[in-house]
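These are my notes from a first look through a structure that was new to me. I wrote down what I looked up, one entry at a time.

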Amino acid sequence: MQGDMVGTSDWPEAGFPGVRINPVSLLPEIVNEEVCRAALAVSTDPADTIFVLLVEGHAAEAAELLAEARFKDPESFRLRAFEAEVLRVSHRSDRALELFKQLLGEFQGTDREALVQQYLGKTHFAAGHAAAAVVAFSRALDLRVSQSADAAQIYSSTVALQRARDVLDLAC
């Protein structure tokens, strides 16, 4: 496929080439297969492959690679977050939420708190907990703004917060 899928140019970036955040589901999607595969081909970071497998919904394959990567680097923040993402993709949101809350306890007050809040919001949203998602996305956005984070991260939190608020409003 040449270029991005039609209509995805305003979707928030997902942190990997060819992947963007769907503003409706708030989940990452591959929007440019060629770009994504080319980036994977040159990557030496197993977390990149794990991320793409998660985006594609291949939780078992991602879990297998994750176990190997975690053995080599047990303290990696990104790999620890992907452990919870494997659970979310496997439809075990309750366990994923527990792990993200554990990460939040460890990283509260640090520069990683905003990312944990964003993951927490996404997991709540995917589990159908719109009110909790609003709280987490709001906190992520506040932190990203106060930390003068990258504009793409602020945009991602803004889109996610608005979507969660819209869903919450529809439920009321």
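**Entry 1**

I began with the handedness of a helix pair: helix 4 passes helix 5 in a left-handed crossing. Left-handed here means that the near helix is turned anticlockwise from the far one by less than a right angle, and clockwise would be right-handed. Helices (H or I, at least four residues) and strands (E, at least two) are DSSP runs, numbered from the N terminus.

Before going on I noted that this is a predicted model, in which local features need pLDDT of at least 70 and side-chain atom pairs count only at pLDDT 80 or more, while totals for chains, interfaces and linings use all residues. Residues are numbered from 1 along each chain as its sequence is written, and side-chain values use heavy atoms, with hydrogens and water left out.

I then looked up the geometry of this pair. The axes of helix 4 (residues 77–89) and helix 5 (residues 93–107) come within 7 Å and cross at roughly 160°. Axes are lines fitted to C-alpha atoms, for helices over the stretch in contact, and angles run from 0 to 180 degrees between N-to-C directions. The crossing angle therefore makes helix 4 roughly antiparallel to helix 5. For that word the angle must be over 145 degrees; under 35 counts as roughly parallel, 65 to 115 as roughly perpendicular and the rest as oblique.

Which residues make the contact? On helix 4 I listed F77, R80, A81, E83, A84, E85, L87 and R88, and on helix 5 S93, R95, A96, L99, F100, Q102, L103, E106 and F107. Contact means heavy atoms within 4.5 Å. Sorted by type, the residues of the contact of helix 4 with helix 5 are nine nonpolar, two polar and six charged. The classes are: Ala, Val, Leu, Ile, Met, Phe, Trp, Tyr, Cys and Pro nonpolar; Asp, Glu, Lys and Arg charged; the others, Gly among them, polar.

I followed helix 5 to its other partner in my notes. The axes of helix 5 and helix 6 (residues 113–126) come within 9 Å and cross at roughly 165°, which means that helix 5 is roughly antiparallel to helix 6. The crossing of helix 5 past helix 6 is left-handed. From helix 5 the contact takes S93, A96, L97, F100, K101, L103, L104 and F107, and from helix 6 E113, V116, Q117, Y119, L120, T123 and H124. I sorted the residues of this contact into nine nonpolar, four polar and two charged.

**Entry 2: R80**

R80 is found in helix 4. Is R80 buried or exposed? R80 counts as buried because its relative accessible area is 14%. Buried means under 20% relative accessible area, exposed over 50%, and partly exposed in between (1.4 Å probe, protein chains only).

Leaving out residues up to four places away in sequence, I found that R80 touches R70, P74, E75, Q102, L103, E106 and F107. With one of these, E106, the side chain of R80 makes a side-chain polar contact at 2.6 Å. A polar contact is a pair of N or O atoms within 3.5 Å; within protein, one must be able to donate a hydrogen and the other to accept it, and residues adjacent in sequence count only if both atoms are side-chain atoms.

**Entry 3: helices 7 and 8**

Helix 7 (residues 130–146) and helix 8 (residues 151–171) pack at an angle of about 155°, with their axes 8 Å apart. Helix 7 is therefore roughly antiparallel to helix 8. Their crossing is left-handed. Among the residues that meet are F137 and L141 in helix 7 and I154 and L161 in helix 8. The contact of helix 7 with helix 8 divides into 14 nonpolar, five polar and two charged residues.

**Entry 4: loops**

I looked up two residues with positive phi. L26 has phi near 65°, a positive value in a residue other than glycine. L26 sits in the loop between strand 1 (19–21) and strand 2 (28–30), and L26 is buried at 4% relative accessible area. H91 also has phi near 65° and lies in the loop between helix 4 and helix 5. H91 is exposed, at 72% relative accessibility.

N32 is in the loop between strand 2 and helix 1 (33–42). The side chain of N32 reaches the backbone nitrogen of E34 at 3.3 Å, and a polar atom of that side chain lies 2.9 Å from the backbone nitrogen of V35. N32 is buried, with a relative accessible area of 4%.
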